[in-house]
Amino acid sequence: MRSERVIFLLAASLLAVCASAHHASTGRYDPNTFGTIEGEITDIFWRNPHVRFLISRTNEAGQVEEWEVEFGSVNTVERLGVSRDAVAVGDRISVYGRMGRNGLTAMFARDIVLDTGEELPLQADPEQRYGMTDQAFEAADNADEALRSDIFRVWVPVSRPRTGFGTIDWPLTEAGRAAKAAWDPENDPALRCIPPGLPTAMDNPYPVQFVDRGDTIAFLHEEWDGERTIYLNGTGAPVQPYMGRSVGRWEGDTLVVRTTDIDWRYLDDLGTPQSEDVVIDERFWLSNDGTDLFWEATITDPVNFTEPVVMEASWTWVPGNTIKPFDCALPEATE
């Protein structure tokens, strides 16, 4: 059992590393083109959703270019031990990462090298970010059985629905194909700190938490400081902005949720549309030993899809992890 779980986590971690750029970035960068640039930092934006640098460099033609370099959130890099005082305006750095599409002078960085030669990681697999060590797994395995038998804990991501980078060939109707073709990545709501709705919100690389509130269950997302309420008594359940109306019930140990009236018009980060008629049926359940959480969603939208779409994701329990504030901000709104 132990070895199977470790193998599962390692495989999922590789998937996370292979596709780590997220909201407000997936449409801007080429998933298959990597490069390195060197230059001087002229501006730093150290806030969520992504930390950003402006870098001035001289290209091969002798022309001065300004590059926008972004990478993981403040939450991610701080979990990797990289703090705001690691860099300063005026520093010369080398940056490696995913290049902008169509000649865009922008990069989604994976690491930077300082003038001193010190390398700072900006992305990492879930094992590094969330302390998935043998000691942590042993603590989870030895935890009280009552604790391991319920869903009301903080869960860290292992695998995501992988909606980004155009890796899925969605079964789109003609109307769906037309809407997707018309989407402009510069209009991504995340660029304006607008938090995503369902099901996009489920494709995120941060911890989530279930909280028991009696007749309701709060599903907390670290990303965007999101909170979704699942009503166990369906009567009078209100519609939440972007998240819709979620009504749940228990089928044994499985939490079953149906969500309707969703006023979020995207399935993913790349403009795949969903209509006001979309219905999402979800199931959440635990592994036999209570250390892993699984999610499956069936998404039905006859306006945009010729057949139901299925998404899956999983999380694991690593004691000691918490939900951190996200506090999204726009660059022009800060000093």
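Predicted model: local features only at pLDDT ≥ 70, side-chain atom pairs only at ≥ 80, totals over all residues.

Me: Is D225 buried, exposed or partly exposed?
Reply: D225 is found in the loop between β9 (216-221) and β10 (226-231), and its phi is positive, at about 55°, although D225 is not a glycine. Most residues other than glycine have a negative phi. The relative accessible area of D225 is 43%, which lies between the cut-offs of 20% and 50%, so D225 is partly exposed.

Me: Which class does the ring pair of W264 and Y266 belong to?
Reply: W264 is buried, with a relative accessible area of 7%, whereas Y266, at 23%, counts as partly exposed. The ring centres of W264 and Y266 lie 5.6 Å apart, within the 6.5 Å that a pair requires. Their planes meet at 75°, and an angle over 60 degrees makes a pair edge-to-face, so the class is edge-to-face.

Me: What is the omega of the peptide bond from L198 to P199?
Reply: P199 is placed in the loop between α6 (174-181) and β8 (208-213). Most peptide bonds are trans. The bond from L198 to P199 is cis, however, with omega near 0°.

Me: Over the face of which residue does R153 lie?
Reply: R153 is 4.8 Å from the ring centre in question, which is within the 6 Å cut-off for a charge over a ring. The ring over whose face R153 lies is that of W317.

Notes: Residues numbered from 1 in each chain as written. Heavy atoms only, no water. Phe/Tyr/Trp six-rings, centres within 6.5 Å; stacked < 30°, edge-to-face > 60°. Buried < 20%, exposed > 50% of the residue type's maximum accessible area, 1.4 Å probe, protein only. Lys NZ or Arg CZ within 6 Å of the ring centre and 35° of its normal. Helix = DSSP H or I, 4+ residues; strand = E, 2+ residues; numbered from the N terminus.
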